[in-house]
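Please read them with the structure open beside you.

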Amino acid sequence: MRRLFGPEAEADPMALYEKLRAEHGPVAPVLLPGDVRVWLVLGHRENLEVARTPSLFSRDSRHWHAMREGRIGPDHPLAPLTTWQPLCVFADGMEHRRLRQALTESLSRFESRGIRRYVIRFTHQLIDGFQDTGQADLVGQFADQLPLRVITQLFGMEEEYGPRLVEAAKDMIKGTETAVASNDFITETLQRLVEHKRASPGHDVASKLLEHPARLTDDEVREHLRVTLVSANEPTVNLIANTLRMLLTDRRFRATLAGGHTTLPDALEQVLWDEPPMTTNIGRWATGDTQLAGQQIKAGDMLVLGLAAGNADPAVRPNRSVPLHGNRSHLAFSAGPHECPGRDLGRAIADTGIDTLLSRLPDLRLAVAEQDLQWDTALMSRRLVSLPTSFTPPRRVGRPKAGENGSATRQPLPPPVSQPHQEATQQGWPSVAPGAAAEPGPSGKPARAARWAAALRRVRSGR
């Protein structure tokens with residue numbers, strides 16, 4: 001049996017998925033850390049069947065025979081990802097609806113325009129920190145930093161928690177020997193936050209969860225903050241990094257944007273098809289004996305959703321070179337009642353952050369050969385290690401150097417800009433092309449499309 005960890009999986013996970021597909025079909029037996037036997041779901045249709053049928057494939061890990069038999073103890077690398085906890089991720093039916101509704105309604109209290117203003121502010125803050133050097137690692141200095149800065153603000157936390165939370169969240173989903181300690185750090189940090197917000201509520205996700213009519217306990221609130229942090233941070237980091245890499249290395253991808261043939265949101269969906277930020281999703285547990293794609297699944301067996309493998313299923317994508325503009329039937333955020341609750345937040349952060357970055361630094365170019373880029377493959381994700389870039393340091397116009405005004409922590413949001421294209425012109429960013437229509441309302445699609453076309457033409461020409 002093949003392992004989903006170790007040298008073969010780390011070298012080329014997609015090649016491993018295709019070997020498994022050729023050997024076993026849409027569902028394959030594999031081994032997880034500790035050589036625990038599970039089923040990997042490779043087919044697109046089979047992934048949807050498992051994700052959308054909680055009566056047969058439950059999210060409640062207490063069904064797992066390996067857990068009941070004591071083979072997955074509290075110190076096992078899989079424990080942080082599979083130990084039952086009082087949150088919607090491990091619930092089904094009415095209890096799932098109660099918990100999930102509290103989470104989604106609390107997140108929805110922060111409309112997308114407000115979130116995007118956070119993203120714009122922190123994007124400018126990050127760029128200010130490296131723009132004068134003319135070079136930057138857009139993973140370590142940008143993609144790694146942006147999502148959690150936004151999330152900690154939405155949670156009502158101070159920014160100083162961000163760096164350690166980033167490292168702990170990355171370590172936890174890798175299933176390393178220190179995953180349990182990383183999970184403990186996240187839990188303890190969020191527990192202190194819940195206690196603080198119980199005493200001093202504010203306009204933040206933690207307070208809204210505490211106030212919700214579902215009457216979540218402090219433990220339930222803490223755990224839902226944790227699942228939101230993990231589900232919104234790591235995938236968004238990878239989505240930003242993967243999109244920027246494709247922009248800098250794939251001429252066709254770049255040309256479709258520069259030529260106005262597709263929008264940035266549609267380009268993000270293409271990346272979610274080709275390089276989903278999470279390659280697998282752990283897990284589902286069979287509630288009884290059943291069959292799936294000809295495989296005999298026993299009660300208590302664990303199934304792993306193969307998100308990247310399902311996206312590459314020849315049954316739905318016989319020719320992977322054909323673009324899928326605007327098609328959202330990918331598995332990047334899973335599907336069914338447990339579809340990722342942070343998907344819209346992640347999209348908003350990636351879309352706005354990349355748009356703002358390319359407006360500020362329109363001549364970004366890769367500073368190393370494409371074949372020199374390196375990847376860090378974990379159990380559930382394949383992460384770009386770094387993305388070295390160079391660019392022409394922009395002329396400063398009215399924007400202070402990083403640190404001159406201190407940290408942005410807990411500062412009020414900037415007022416909405418009624419005409420972003422005019423602000424872009426004042427800052428030396430690409431402006432609306434002559435004759436282009438003024439930006440209508442909050443969406444600003446014509447103006448942004450024009451900025452994108454101008455910026456990407458510069459990238460393509462190397463200026």
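1. Ser-334 sits in the loop between α16 (307–311) and α17 (343–360), where helices (H or I, at least four residues) and strands (E, at least two) are DSSP runs numbered from the N terminus. Its phi is positive, at about 65°, although Ser-334 is not a glycine. Ser-334 is buried, with a relative accessible area of 9%; buried means under 20% relative accessible area, exposed over 50%, and partly exposed in between, with a 1.4 Å probe and protein chains only.

2. A word on the basis of these points: this is a predicted model, in which local features need pLDDT of at least 70 and side-chain atom pairs count only at pLDDT 80 or more, while totals for chains, interfaces and linings use all residues. Residues are numbered from 1 along each chain as its sequence is written, and side-chain values use heavy atoms, with hydrogens and water left out.

3. On the chain as a whole, there are 19 helices and 13 strands, and 56% of the 463 residues count as buried. Among contacts (heavy atoms within 4.5 Å) between residues at least 6 apart in sequence, 72% join residues at least 24 apart. The accessible surface comes to about 19,400 Å², of which 51% belongs to carbon and sulfur atoms; such areas come from the Shrake-Rupley method with a 1.4 Å probe, and for residues only the protein chains shown count as cover.

4. From its first C-alpha to its last, α17 reaches 26 Å, close to the 26 Å expected at 1.5 Å a residue, the expected span being 1.5 Å times one less than the number of residues.

5. Two further backbone features deserve a look. Most residues other than glycine have a negative phi, and most peptide bonds are trans. Ala-293, in the loop between β7 (290–292) and β8 (295–297), has a positive phi of about 55° although it is not a glycine, and Ala-293 is partly exposed, with a relative accessible area of 34%. The peptide bond from Ile-282 to Gly-283 is cis, with omega near -5°, and Gly-283 belongs to strand β6 (residues 280–286).

6. What does Arg-2 touch beyond residues up to four places away in sequence? Arg-2, in strand β1 (residues 2–3), is partly exposed at a relative accessible area of 24%, and its contacts include Leu-16, Lys-19, Leu-20 and Val-30. Its side chain also makes polar contacts with the side chains of Glu-8, at 2.8 Å, and Glu-23, at 2.6 Å. A polar contact is a pair of N or O atoms within 3.5 Å; within protein, one must be able to donate a hydrogen and the other to accept it, and residues adjacent in sequence count only if both atoms are side-chain atoms.

7. The structure holds five cavities of 30 Å³ or more, and the largest cavity has a volume of about 600 Å³. Of the 29 residues that line it, the closest to its centre are Val-89, Val-227, Ser-231, Asn-281 and Met-380. The helix α13 gives the most to this lining, with five residues. On a 1 Å grid over the protein atoms alone, a cavity is a set of points where a 1.4 Å probe fits but cannot get out, and a pocket is an open set with protein on both sides within 12 Å along at least five of seven lines; lining residues have an atom within 4 Å of a point. Grid points are joined across faces, edges and corners, and a volume is the space filled by probe spheres set on the points.

8. The second largest pocket has a volume of about 520 Å³. Its lining has 28 residues, of which Arg-245, Met-246, Asp-274, Glu-275 and Arg-320 lie nearest its centre.

9. Finally, is Phe-391 buried or exposed? Phe-391, in the loop between β13 (388–390) and α18 (420–426), is buried, with a relative accessible area of 3%. Phe-391 and Leu-364 are 27 residues apart in sequence but 4.9 Å apart in space, C-alpha to C-alpha, and the contacts of Phe-391 include Phe-130, Gln-131 and Leu-361.
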